[in-house]
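Take a look at the chain below. Follow it part by part, and keep the structure in view as you read.

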Amino acid sequence: MKNTAATLLMRKQSGEKITMLTAYDYTTARIEDECGVDAILVGDSLGMVMLGYENTLPVTMEDMIHHTKAVARGAENAFVVADMPFMSYQTSVYDAVVNAGRLIKEGGAQAVKLEGGAEVCEQIKAIVDASIPVVGHLGLTPQSVNVFGGFKVQGKDYERAAKIADDALLIQEAGACAVVLECIPEKLADLITRELTIPTIGIGAGNECDGQVLVYQDMLGLTTGHTPKFAKRFADVGTVMRNGFNAYIQETKSGNFPSSEHTYSIDEDIVERLKEERGQNK
Ligand code: KIV
């Protein structure tokens, strides 16, 4: 059965942890869905892990729709949430509703996610009023990388911790169905999780959230260079891929691939006739 925002709420109420992973293509979405992940996030992290940008800022609505369509086709049961890219909702309430609508109507997502607190409550309310579920995103909000001056833990001092906790209440009041808490101290995430009636989904926010989300390239060992402390590596798929690619190169260069096992045959008489006709029998 297709998961919805109500499934996530039920998980919070029953105490069963919510599992969410990112995906950006049909094949990965299908595998995650078959494994039973509750929700799939088509994150604007695709700018970094799929398109090779330095941050998420260059990601466009067209990028998001293209990848969301592919994920939606692979997600039979998982709740599909699509990120609203930078400048698709900050500009006006009107833009926010139009662009959220495109992610649902053209992309096939069931919900949208957007970053920020008090400053985006009007947008959240308007999108929810248009019957589109909204997931909030607080703490380290990567679209504000130029304000934060890098990807750093947020909410370590009293003022900033209080602002994140207040924002969480405000976006809940505005109608958000869940909130992602990124890169904040565990005890702050715990306080917010207890205070909210909507589920919290943590990434680098400790074990007390109602659920967890990870970028799949990080948790499968596909990310090169620095990975954040919270990104536990659950498998080393990068090494599996490298071994596969190297074996293919080596077997192809040596002439061992393809062998008869991977080759189609034809009646010898036909080949002889063709050779005869083309003068290859001389
Ligand atoms: O874009 C993304 O992948 C995200 C997660 C880090 C939560 O927003």
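The paragraphs below go from the overall layout to the ligand site, and then to the parts around it.

This is a predicted model. Start with the layout. The chain is divided into two domains. Domain 1 covers residues 5-235, and domain 2 covers residues 240-277. How far apart are the C-alpha centres of the two domains? They lie 46 Å apart.

Now find the ligand. Which residues surround the ligand? Among them are Thr22, Leu41, Gly43, Asp44, Ser45 and Asp83. The list also includes Lys113, His137, Val180, Glu182, Ile203 and Val215. Some of these side chains can be followed to single atoms. In Ser45, a side-chain N or O atom is 2.5 Å from an oxygen atom of the ligand. For Lys113, the distance from a side-chain N or O atom to a ligand oxygen is 2.8 Å. A polar atom in the side chain of Asp44 lies 3.1 Å from an oxygen atom of the ligand.

Stay with Lys113. Its side chain also meets Asp83 in a salt bridge, with the closest N and O atoms 2.8 Å apart. Asp83 sits in strand 3, while Lys113 sits in strand 4 (residues 111-113), so the pair ties together parts that are 30 residues apart in sequence. Are these two residues buried or exposed? Asp83 is buried, because its relative accessible area is 3%, under the 20% cut-off. Lys113 is buried as well, with a relative accessible area of 3%.

Next, move along from strand 3 (79-83). A loop runs between this strand and helix 5 (93-105), and Ser88 is found there. Ser88 is buried, with a relative accessible area of 3%. A polar atom of its side chain lies 2.6 Å from the backbone oxygen of Pro85. Beyond its neighbours up to four places away in sequence, Ser88 touches Met61, Asp95, Ala96 and Asn99.

Another loop lies between strand 4 and helix 6, and Glu115 is found in it. Glu115 is buried, with a relative accessible area of 6%. What does Glu115 touch, leaving out residues up to four places away in sequence? It touches Asp44, Tyr89, Val120, His137, Thr141, Pro142, Gln143 and Ser144. The backbone nitrogen of Gln143 lies 2.9 Å from a polar atom of the Glu115 side chain. Tyr89 is 26 residues from Glu115 in sequence, and their C-alpha atoms are 9.4 Å apart in space.

Helix 6 (residues 121-129) comes next. Its buried residues are Cys121, Gln123, Ile124, Ala126 and Ile127. What covers them? The cover includes helix 5, strand 4, strand 5 (134-139) and helix 8. Asp129 is exposed, with a relative accessible area of 55%. Lys125 is partly exposed, at 45%. Just after helix 6, Ser131 takes a positive phi of about 70°.

How many salt bridges does the structure hold? It holds 15. One of them joins Glu106 and Arg102, whose closest N and O atoms are 2.7 Å apart. Glu106 is partly exposed, with a relative accessible area of 36%. Arg102 is also partly exposed, at 21%.

The largest nonpolar core has 53 residues. Ile127, Leu181 and Ile192 have the most contacts inside this core. Helix 8 (residues 158-174) gives the most to the core, with 6 residues. Now pick out Leu181. Leaving aside its neighbours within four places in sequence, Leu181 is in contact with residues including Leu138, Ala189, Ile192, Thr200 and Ile201. Gly202, Ile203, Ala205 and Cys209 are on the list too. A second, separate core has 16 residues, including Ala5, Leu8, Ile201 and Ile203.

Definitions and conventions
Residues are numbered from 1 along each chain as its sequence is written. This is a predicted model: local features need pLDDT of at least 70, side-chain atom pairs count only at pLDDT 80 or more; totals for chains, interfaces and linings use all residues. Side-chain values use heavy atoms; hydrogens and water are left out. Domain bounds come from an automatic or database domain assignment. Helices (H or I, at least four residues) and strands (E, at least two) are DSSP runs, numbered from the N terminus. Buried means under 20% relative accessible area, exposed over 50%, partly exposed in between (1.4 Å probe, protein chains only). A polar contact is a pair of N or O atoms within 3.5 Å; within protein, one must be able to donate a hydrogen and the other to accept it, and residues adjacent in sequence count only if both atoms are side-chain atoms. Contact means heavy atoms within 4.5 Å. A salt bridge is a side-chain nitrogen of Lys or Arg within 4 Å of a carboxyl oxygen of Asp or Glu. A nonpolar core is a set of buried Ala, Val, Leu, Ile, Met, Phe, Trp, Tyr and Cys residues joined through side-chain atoms within 4.5 Å. A residue is near a molecule or strand if one of its heavy atoms lies within 4 Å of it.
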